[in-house]
Amino acid sequence: MKKLNGFSLYILAVLLLWIKTLIIYFFEFDLRTGTVLDTLILLINPIGSIALFLSIGLFFAKKMRKTAIFVIYILLTGVLYGNILYYRFYIDFITVPVLFQFQNVGGLSQSTLELINWTDPLLFVDVVILIWLLVKRTDIGLPLLKRRKLQIVGTSFVLITVVIVSGIIENPRILKKSYDREALVKTLGSYNYHIYDIIFNSKMFVQRALADSADIKEVKNYLKSRNNHENSHSPLSGSGKGKNIIVISLESTQQLVINRKINEEEITPFLNSLIKDSLYFPNVYHQTAQGKTSDAEFMIDNGLYPLSGGSVFVRRPRNEFYSLPQILQEKGYYSAVFHSNDETFWNRENMYHSLGYNKFFSKTSYHVNEENSVNYGLKDIPFFKQSIPLLEKLPQPFYAKFLTLTNHFPFLLNEEDQYLNDEEENPDLVHRYFRTVRYEDEAIKTFINGLKKSGLYDQSVIVLYGDHYGISKSYHKQLEPVLGKEITPNEQVELQKVPLIIHIPGQKAQEIKSIGGQTDIRQTILDILGVRPQKNVIDFGQSLISNKEKDFVIFRDGTFVTNKYTYTENTCFNKRSGKKVKMNKCTPYFDRVQNELNLSDNVIFGDLLRFKDEDRKYNKKDEQSEN
């Protein structure tokens, strides 16, 4: 076999990585196209950036070129595989902020190992081929004329430009939708997407320096025109006035487990019974992005949308906020968080300080050992048992937030903690999930009984909410037999519903069926407590007990649902029937969706709430001049 020259080896490396990228597009990322142009763009979008990156190796000294090309090839393969692992659970692509908060997803923990497939070594066959060619079948030094190198670079840039221009023609607003990462990858290509992500996040670093009080006025004017803060009076308004408020974050808990049975056994028997004595909201969706639990916390405390990439807890912990703890503090409330993980996890120690919490009970406040721990830390039952004495010592009224842990991917549970007899000897991930949810349900029962014994139950409004999905799209084939139906794109959105249960002492049970999201929980809590924050507060939520029903719920990737329609994957669906409908049913919401997400991002990246007092002074002057 004739040895390959430098140019031939380079072309072969480009072709190998291009083919592998396309295989990953279709079989790992499940990228779908709607038009011939979409398909053509998807097929050609990787090649320009692959050619450009690998061409860097050609500019090294002759003796280093083989090594340089190989190292770049390995790095590009590593980027692809990192995205594969991330996508398998989160159905999303890695962003720059995620790399900076990598320690928060557990590193090489059991969660990561769960995502590795036995077929994964096949993704590295091309690397073995390239090693063999570099060692045995290439000329030493890979000599190449300077003119040929410049031609390669020029051709690469032309290919990249053609892809970007074609993508913009097909989707003119694509570069403004930083939150729609799947569309960006389909249009720009996986490597070009990462370049775009680096540029976008670099721009966000300087946004704070350029912001001024005029920016916060723009947000307030929008919210005033939307008129969601002037909620219609409800008989439930003020029904929990003066009570403590206890908020419990149910880790990875989806609405689908409520009132569901496995082999005639209820998955959530206690929550099912609690619903019969509480307000129950069956149509609330989680709106988290890459920050998951921390995103849910952020929305409930601030009424703002999470960031599309990374977590506010990690990216903007030093911002000024007007949070739920701060609002309640104005009414004499003490605030505390209970979470048995390390205080540095998701940068909670710093973020809770910025949010105005008086006390953070972290892992150091609990007795944690190997016997009472599993997966990410202290099991939920001992967590709640140890929390009751700490809760009893808080000044009243208080706002207390509890974060559960046990029902966390990959849903591991000791045999002695299994309360669900599902008859599965070797349970798949879905059935493991049901088992850990059942354990979580028992933990909530333990906690509520402890509150009753302490006398706090009748003095407290108790809010339980699911923080985000537990079963991702990657495991839907395991879930479909349980649901007894195919999971379509419309059904996938419906699976993003999470439980929201609010128990108010002395209040009769009521099911409130209007749609809502986690951004609405803060205003709902304030409405129940009869607390009105400062005028013109920045809050994108709406009280769910209001007589004025919410008209649509926005997801961080640009998906949204209304009372009748679902918009996802660039398609409009009739929510009830699941059938595709004409796009004009959804288009009236497009500008509002993008506007709300952009304005919320501006508040966070510009740290606009630092201008809230200055803006209030101007408002008073305007009011006086009008009078």
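Helices (H or I, at least four residues) and strands (E, at least two) are DSSP runs here, numbered from the N terminus. The model is predicted, so local features need pLDDT of at least 70 and side-chain atom pairs count only at pLDDT 80 or more, while totals for chains, interfaces and linings use all residues. Residues are numbered from 1 along each chain as its sequence is written, and side-chain values use heavy atoms, with hydrogens and water left out.

**Sheet and packing helices**

Start with the sheet. Two strands pair if DSSP finds at least two bridges between them. Strand β6 (residues 334-338) and β10 run parallel, joined by 5 bridges. Across that pairing, A336 stands opposite A400 in β10.

**An enclosed helix**

Buried means under 20% relative accessible area, exposed over 50% and partly exposed in between (1.4 Å probe, protein chains only). In helix α12 (residues 293-302), 10 of the 10 residues are buried, so the helix is largely enclosed by the rest of the structure. G303 follows α12 and has a positive phi, near 70 degrees.

**Aromatic pairs and charges over rings**

Rings of Phe, Tyr and Trp (its six-membered ring) pair if their centres lie within 6.5 Å; planes under 30 degrees apart count as stacked, over 60 as edge-to-face and the rest as tilted. The count comes to 32 aromatic pairs. One of them joins F411 and Y433: the centres are 5.0 Å apart and the planes at 70 degrees, so this pair is edge-to-face. F411 lies in the loop between β10 (398-403) and α17 (429-454), and Y433 in helix α17, so the pair ties together parts 22 residues apart in sequence. Both F411 and Y433 are buried.

One aromatic cluster is formed by F338, F361, Y366, F383, F384, F402 and F447. The ring of F361 also has a charge over it: the charged end of K359 sits there. A charge sits over a ring if NZ of Lys or CZ of Arg is within 6 Å of the ring centre and within 35 degrees of the ring normal.

| Charged residue | Ring | Distance from ring centre |
|---|---|---|
| K359 | F361 | 5.4 Å |
| K452 | Y457 | 5.0 Å |

**Backbone details**

The peptide bond from Q396 to P397 is cis, with omega near 0 degrees. P397 lies in the loop between α16 (380-392) and β10. A cis peptide bond also joins F409 and P410, with omega about 10 degrees. P410 belongs to the loop between β10 and α17.

S252 is not a glycine, yet its phi is positive, near 55 degrees. This serine is in the loop between β1 (244-250) and β2 (261-262). S252 is buried, at 2% relative accessible area. N570 has a positive phi too, about 60 degrees, and is not a glycine. N570 lies in the loop between β17 (565-568) and β18 (571-574). At 40% relative accessibility, N570 is partly exposed.
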